[in-house]
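Morning, everyone. I'll take a few minutes on one structure, so please bring it up on your screens.

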Amino acid sequence: MNWQSDPRSTQELIELALKEENDDVVGILHFRGNQEVFAVASKLCNSQNPRERQLGADILGQLGIPHRTFPHESLAILLRLLECEQNTDVLNSIGIALGHLHDARAIAPLIQLKCHPSPSVRYGVVFGLLGYEDELAISTLIELSSDQDEDVRNWATFGLGSQIETDTTAIREALYQRFLNENTDENYEIYGEALVGLAKRKDSRILTRLTEELLSDYVGVLAVEAAEEFADSRLYPALMQLKQWWSENNNLLERAINNCQEQT
């Protein structure tokens, strides 16, 4: 789709998005990102209709592609909406929008919703807190990494493991708990994100199991990413054996081999 040349008016796109919840249509509005779109999205955020408020938040979160437009104004509107919003779908969209805006002023308001009964709202909180090297944001992600909802745990673990550079005992222990408790077929992605995060921090507790996994009949991409991050020569023989049959991502495997070989 050529978003730049789409002939439909902003109002036509809004009406279509409200009918179909069409991500492509919202993407056109993001790309357009002009004063008209900002004004319409702002008005939607003041609507009595929760679906309209949700769409307004969805638009403001990524307004302007590739160069963001009205980021500070959008942040102010979303934070005001967050103060009084009760609808779980709208709260989810606000959290995601604030994550895209990535302004630290959103951290404290988002944290107020970390115990919300709706998992979709808690997911929005996690998404909104990704990428901050901030003590409060990190402590909230640590807390939500043991959430009862799988998606919330998954994204919180991803946030702690891969999206920040901070290395503390508390982060390692949160990741290690996921490493210990999520190693099932259903929860492999959470386990894998914890594995990558611990490898990035050179936590030797994972080395034996990582080696065993690299030598097993099924090897996930995240295990090879962990080997790449760990960069330890003790993983080199297992990676060379893996090279004989594994074809999920050859470039990744070569990087892992090179990183581990460099340590010899």
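One cut-off to begin: a residue is called buried when its relative accessible area is under 20%, and exposed when that value is over 50%. Keep in mind that this is a predicted model.

Now apply the cut-off. Tyr188 has a relative accessible area of 17%, so Tyr188 is buried. Tyr218 comes out at 59%, so Tyr218 is exposed.

Let's turn to the aromatics. How many aromatic pairs does a search of the whole structure find? The count is 9. Take Tyr123 and Phe127: the ring centres are 6.4 Å apart and the planes meet at 40 degrees, so this pair is tilted. Both residues belong to helix 8, residues 119-129. They are 4 residues apart, which means about one helical turn between them. Tyr123 is buried, at 19% relative accessibility. Phe127 is buried too, at 16%.

Back to Tyr188 and Tyr218, which form an edge-to-face pair. Centre to centre, the distance is 6.3 Å, with 75 degrees between the planes. This pair links distant parts of the chain, 30 residues apart. Tyr188 sits in helix 12, while Tyr218 is in the loop between helix 13 and helix 14 (221-230).

Arg205 places its charged end over the ring of Tyr176, 3.9 Å from the ring centre. Arg209 does likewise over Phe179, at 4.3 Å from the centre of that ring.

Next, the backbone. Ile65 and Pro66 are joined by a cis peptide bond, with omega about 5 degrees. Pro66 lies in the loop between helix 4 and helix 5 (71-84). Phe70 is in the loop between helix 4 and helix 5 as well. Phe70 is not a glycine, yet its phi is positive, about 55 degrees. Lys202 also has a positive phi of about 55 degrees without being a glycine. Look for Lys202 in the loop between helix 12 (188-200) and helix 13 (207-214). Lys202 is partly exposed, at 45% relative accessibility.

Last stop, the largest pocket. Its space is about 330 Å³. There are 17 lining residues, and Asp23, Val26, His30, Asp58 and Ser93 lie nearest the centre. Which helices each supply at least two residues of the lining? Helix 2 (23-32), helix 4 (50-61) and helix 6 (88-101). By type, the lining holds 4 nonpolar, 9 polar and 4 charged residues.

That's the tour. Over to you.

Terms used:
Residues are numbered from 1 along each chain as its sequence is written. This is a predicted model: local features need pLDDT of at least 70, side-chain atom pairs count only at pLDDT 80 or more; totals for chains, interfaces and linings use all residues. Side-chain values use heavy atoms; hydrogens and water are left out. On a 1 Å grid over the protein atoms alone, a cavity is a set of points where a 1.4 Å probe fits but cannot get out, and a pocket is an open set with protein on both sides within 12 Å along at least five of seven lines; lining residues have an atom within 4 Å of a point. Grid points are joined across faces, edges and corners, and a volume is the space filled by probe spheres set on the points. Ala, Val, Leu, Ile, Met, Phe, Trp, Tyr, Cys and Pro count as nonpolar, Asp, Glu, Lys and Arg as charged, and the others, Gly among them, as polar. Buried means under 20% relative accessible area, exposed over 50%, partly exposed in between (1.4 Å probe, protein chains only). Rings of Phe, Tyr and Trp (its six-membered ring) pair if their centres lie within 6.5 Å; planes under 30 degrees apart count as stacked, over 60 as edge-to-face and the rest as tilted. A charge sits over a ring if NZ of Lys or CZ of Arg is within 6 Å of the ring centre and within 35 degrees of the ring normal.
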